[in-house]
Amino acid sequence: MKRSIPFLFLLLGLAIVARSFFPPRNPGKFDVAGFSRLPVLVNGRVKPIDTVARTSLLVLCSATANDSSESSLILTPDHRGLTPGEWLLDVFFAPAKADTYQVIVIDNPDLLTLLNLRREDAMAKRRYSFAQIEKALPELERQARLAEPVDHQARSAFQRSVVQLQANVILYLRLKESLASPDSQDFLGDLLSFQKNLPAGIEAMRQKEAGKTYDSAATRQLIEHGSRFDHMSQLGYLLAVPPAAGEGDGNGWKNVGSSLIETFQTGEVSAPVMAYAGLAHTWRARQPAEFNEIVRLYRVELEKGFPKALAKGDAEMRFNAIRPFYSAMTLYVLAFFLAVLSWVKWPAELGRAAFWLVALAWVLATAGILTRMWLEGRPPVTNLYSSALFVGWIAVGFCLALEYFYRNAIGSAAAGLIGFGTLLIAYYLSLGGDTLEMMRAVLDSNFWLGTHVVTVVAGYGATFLAGFLALIYIVRGVLTPSLDRATADALARMVYGIVCFATLFSLIGTILGGIWADQSWGRFWGWDPKENGALIIVIWNAVILHARWGGLVRQRGLMCLAVCGNIVTSWSWFGVNMLGVGLHSYGFMDSAFVGLIVFVATQLGFIALANLPLEKWRSFRVRP
Amino acid sequence: MTDLFRQFRDFFVSLRLTVVLLVLSMLLIFAATLDQVHLGIWAVQEKWFRSLFVLWLIPGTAIPVPIFPGGYLIGAFLLVNLVSAHVYRFKLTWRKAGIFLTHAGLILLLVGELLTGLWQEEYQLQLKEGETKNFSESYRFNELAIIDATDPKFDDVVAIPEKLLAAGIPVQHPKLPFRVVTKDYFPNAALRMRGAGPAESPSVATAGIGMQVAVTPLAPTYKQDERNWPAALVELVGPDGSLGIWLVSPQLGAQQTFDYGGHTYRLALRFQRAYKPFALTLLKTTHDIYLGTDIPKNFSSRIRLTTPDGRDDREVLIYMNNPLRYAGLTFYQYQMDAEHATSVLQVVHNPSWLLPYISCAMMALGLVVQFGMHLGGFIGRRAVPAINREERQGREARRDF
């Protein structure tokens, strides 16, 4: 029985992973999944509509559906759950309905008062529908005009939420104008009659310009259409109409409005626009068979020109549904508890189970990171979000190596902690929107992203790992009697070894960064905050090594210094971004400040704990 | 060997000193980074890194008090510590090769950074499409140029650094038949035409455009992407008395002209210039953004490089992460204004730019060798039979916590 424990847990882990691999099913008769796979260009990247739906919801709701069901996030007023795809279809094609869904998050109490909203009317205490906000839009716009000139860092909490809400409302309005005109009751009918009457309208226009008698109804209709299409081309968020030439460098995509404006020259509404208008019609009229047929036909048409983009889009949609990092998070938590349990009971069996689960989670995270790299065509770290993934990945990788050598479940416990922690950070960072972003010109260098950024972030990961191993030493030593001499020595060796790696990575990464800076800004070192942050990590690791070599610290001192490394690394990873100065601060963020302070405080607490006299340590006082 | 000397030596070669200095440098960098929010990147470098002591003014007074060792002091001590420790303990063994190489690289890096601080000059070169320039301009410093334009074939320029104007020191230059006396100086100021506002104090300027311009002093900016726009009122005093008081500022577009002693002069406070023995012409700017965003994808400038002697006449393309290195200078793509077809290049003169590359290679190699030996030893030990290992662990356990 005991010997089968690792296998049982591995099976459980595999079951967790396997469950997420079931292909997404359609919630009803409509082929929502097929629609969600269609490619559009948003923020410089061709992606499936599914990604647009998920990231838009993430931005608006600042939350994701929990694991149990995709359709748990949004409820219609009659308490039907919607998947992200269904929600976006309603936004596109049945905006009057979509306006009643409570998806827009507002937290700031002053802002709620300003908009005449009450928390009781919200969903999940914080989400409101567009219809609820609509009346107060002019006031919101006025406040946004007042707040926008203020420097980002200088804005008050109220101003920040005003600007945020204004941006979210604009995003929502732009989504509505993307594929069909929200004012039109029957967009397909409108387009067909527009196309039919176009020659007559143009002729009437010519007559008018020539000063002859003309059909005033025809010109009026033409102008009305023109201004509506112009509105759509100004606001349309999705560039949904692909270039006729097929796959190129990603240029040439248009939004529906711009494509319709071109109709005045070509005389014919383009096929993609007609397809989307047809989808609008059938979605509204609840005709699933016709809807599915249009999706199929349009897809067949796209396959001729964009096989690669479609293949990538399908993979991205599967990736979105599988959510490998979410499963990995669950596995890390499980592994952590198993590893801790193994110090109490059945060390060999539970330890092995923990190790296998960590390995499974790590493989999953590796696959996730590789998929992202393939989708983006970039090295693993391109923004703060992916740096969190990578810090976790590298630290857990080291843990697996440590566990392979030492087999005392310490590596697995540290892996569980860091793996979970970094993925949690990544989750909060992903609330900003699509995490597969385009790279600014200065960062657009796969060589430097692949060398400098990866090594620096690997240095972060190693420094954190040393710090977390030290935490395990302190907690086990002070609070439990389980830290025997052999384990303590093993931990000290682990921390020392990992600090060596951390020094190596952070030093090389920092210097490579200097060389990149020399290449792109003209100076090797400019005392920019991000550079300083990286340098501080190098210096701190050097301090640990020299203090150890010089005999200034023994085991306990080493552990305290390593925990300090956590503070130093968290500051240079996130703290410098909060300063909002310097050339590097592309990814500014302001909400994580409290989190950082709390983290630093807990680390200081652990250092204080470690400085209790040895006779207070439960593991050491029993010994002579 | 005297006791004093031994104490001295032991102090300078000790690892304890290394650790203390490293911790101090870390604190210095941390505090300086925080201070950047208030002071900006340039002032921080002067105050914290390029100084022996960090000075703090007692509030309300101008009395500086040293509160922390500055970058130069800590750097110098680290250098002495590093060099003396290696000289004292130097043994050429393979076991120490990695450590030795790493530290030699570090010494080189510190020296390189010192030289950069002393030698590096940064300028900017702003070009419109079709424009040709043979000088770059400083984006932090200004100069008062007095140009003798009597001979139409050439200009005879006397340039007075802004620093002298700010200090209020009268300048008598052998080429000028008058003294330059600063009546007033504002490190940052806004200008506007007089007459628009309510009752104003009479103009101090008595000559040139300055009589119609009102000056409002502004607090100096420390933001990295903003520059200070100084203004000064300068009086030119000849042997027979004052020629008048001029308002000068880089914000006044045109140079002011006056005649004195049969010569024609032009007068302007302008961005400090560095002339080059070659000229650059901006042929074309390219500014791509990602479709459907305002994220810049690439900037590049096609430039024609010519020298007066005709030896060089070629086209070069400067873009992000691909600078032009020529005549000891490096030209980087810095900013671009696509609407006005204007490109700004950063021009850097740094003779020691290669040192960091060399020291980087040395340190990386050193660390890889050193930790590689550690790792090899660790794995090798694990291969030793278990009985031996336990014996060794027993021995190690005797060491204290």
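Helix axes here are lines fitted to C-alpha atoms over the stretch in contact, with angles running from 0 to 180 degrees between N-to-C directions. Helices (H or I, at least four residues) and strands (E, at least two) are DSSP runs, numbered from the N terminus. This is a predicted model, where local features need pLDDT of at least 70, side-chain atom pairs count only at pLDDT 80 or more, and totals for chains, interfaces and linings use all residues. Residues count from 1 along each chain as its sequence is written, while chains are lettered from A and ligands numbered from 1 in the order in which they are written.

**Chain A overall**
- Chain A comes to 24 helices and six strands.
- Its C-alpha atoms fill a box of roughly 110 × 60 × 50 Å along the principal axes.
- Of the 624 residues in chain A, 50% are buried (20 or more other C-beta atoms within 10 Å of their own, with C-beta atoms placed from the backbone).

**H22(A) against H2(B)**
- Helix H22 (residues 529-549) of chain A packs on helix H2 (residues 15-49) of chain B at about 160 degrees, with the axes 9 Å apart.
- The pair is therefore roughly antiparallel (angles over 145 degrees).
- Their crossing is left-handed, meaning the near helix is turned anticlockwise from the far one by less than a right angle.
- Residues making the contact (C-beta atoms, placed from the backbone, within 7 Å) include Trp540(A) and Trp549(A) on H22(A), and Met26(B) and Phe30(B) on H2(B).
- By class, that contact splits into 16 nonpolar, six polar and no charged residues (Ala, Val, Leu, Ile, Met, Phe, Trp, Tyr, Cys and Pro are nonpolar; Asp, Glu, Lys and Arg are charged; the others, Gly among them, are polar).

**H20(A) against H23(A)**
- Within chain A, helix H20 (residues 446-479) meets helix H23 (residues 555-579) at about 140 degrees, axes 8 Å apart.
- Among the residues in contact are Gly467(A) of H20(A) and Gly565(A) of H23(A).
- The tally here is eleven nonpolar, five polar and no charged.

**Chain B's side of the interface**
- 56 residues of chain B touch 57 of chain A.
- Elements giving two or more residues to chain B's side include H2, helix H4 (94-119) and strand E14 (296-306).
- H2(B) gives the most, with 18 residues.
- Chain B's side has 33 nonpolar, 16 polar and seven charged residues.

Definitions and conventions:
Parallel < 35°, antiparallel > 145°, perpendicular 65-115°, else oblique. Contact = placed C-beta atoms within 7 Å. Buried ≥ 20, exposed ≤ 12 C-beta atoms within 10 Å, placed from the backbone.
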